[in-house]
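Hello,

Here is the structure you asked about. Please have it open while you read the notes below.

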Amino acid sequence: MDSNSKASNSQNPKPQTPQPIKDRDFLNHLEAYLAKRDGVDKLLKIYRYATKIILSSSALPETLTLTGRLRSFESSVGLSRKAFRLGKFVQDVNALRNSHFYSKQDLLLSLIAYGGEGLYYFVEQFVWLSKSGLIDAKHSRRLQKVSAWAEFIGYIGSISLKFKDLKGLVEDEACLETSIEISVVSGIGCNEEEQKLKKIKEKKVMKKLSIVQDFADGLMALADIRDGKGRLSAPFVLSCAGLLSALISTHKNWISC
């Protein structure tokens, strides 16, 4: 509440009926979303993998001028996205520092998740410099391999942690449902418990989406490790996985800002 509101309340002590909170203005929400590094990065990711789906589906003839332009666009967007990873490893360092570990398992999984992702973002800075021409291109392949391994290992830890969190949410949900049933039978109000249950269910949905996203990104990292070999490394499959991951991440970022 701002100072003007405070002043008006002090002059008029009569209780006021609380006004319903209006939905956030779309353009203000969009501005806040685009101000975030991840917001722009995930939009670029959508553009890139939507383009890759078109190219990998063979919907357009190779000789068509548009096909060449789409390939150039896809490559340019891929390079642009790497620039958004500059310094991003710091968020994993801070996440690890601020984590609370309740067991040795939590510590190990967090080290794998944040350590792997942090190393991935750190190495990606040099991959970008290599592709941009500042570092000799001969180092690019080796750097990309290290980056892919770090990313894949990070997803193993991340998925393990999220499954553990999901198990905790399921247990909390079961306890609240039992509490609500007892309250209903006893004729006791349970509005607070119902609100908590609603929030837990929302968290469950977001946690499941996050796990799906990690599996999709992990599949792409595995394909990079295997140099695109294997049935699950087909360009169309990987493009669909990339687009799915981008859409989930965009949704998560949109509702969080």
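Notes on the structure

Asp-92 lies in helix α5, residues 89-98 (helices are DSSP runs of H or I, at least four residues, numbered from the N terminus). This is a predicted model, in which local features need pLDDT of at least 70 and side-chain atom pairs count only at pLDDT 80 or more, while totals for chains, interfaces and linings use all residues. Residues are numbered from 1 along each chain as its sequence is written, and side-chain values use heavy atoms, with hydrogens and water left out.

Asp-92 is buried (under 20% relative accessible area, 1.4 Å probe, protein chains only). Asp-92 has no salt bridge (a side-chain nitrogen of Lys or Arg within 4 Å of a carboxyl oxygen of Asp or Glu). Its nearest side chain of opposite charge is Lys-88, 7.7 Å away (Lys and Arg count as positive, Asp and Glu as negative; His and the chain ends are not counted).

Lys-88 sits in the loop between α4 (65-83) and α5. Why does Lys-88 count as buried? Because its relative accessible area is 4%.

Leaving aside neighbours within four places in sequence, Lys-88 is in contact with Arg-37, Asp-38, Asp-41 and Tyr-121 (contact means heavy atoms within 4.5 Å).

The largest nonpolar core has ten residues, including Ile-46, Ala-216 and Leu-243 (a core is a set of buried Ala, Val, Leu, Ile, Met, Phe, Trp, Tyr and Cys residues joined through side-chain atoms within 4.5 Å). Two or more of its residues come from each of α3 (37-56), α8 (191-225) and α9 (235-256). The largest share, four residues, is from α9.

Regards

Technical notes. Buried < 20%, exposed > 50% of the residue type's maximum accessible area, 1.4 Å probe, protein only.
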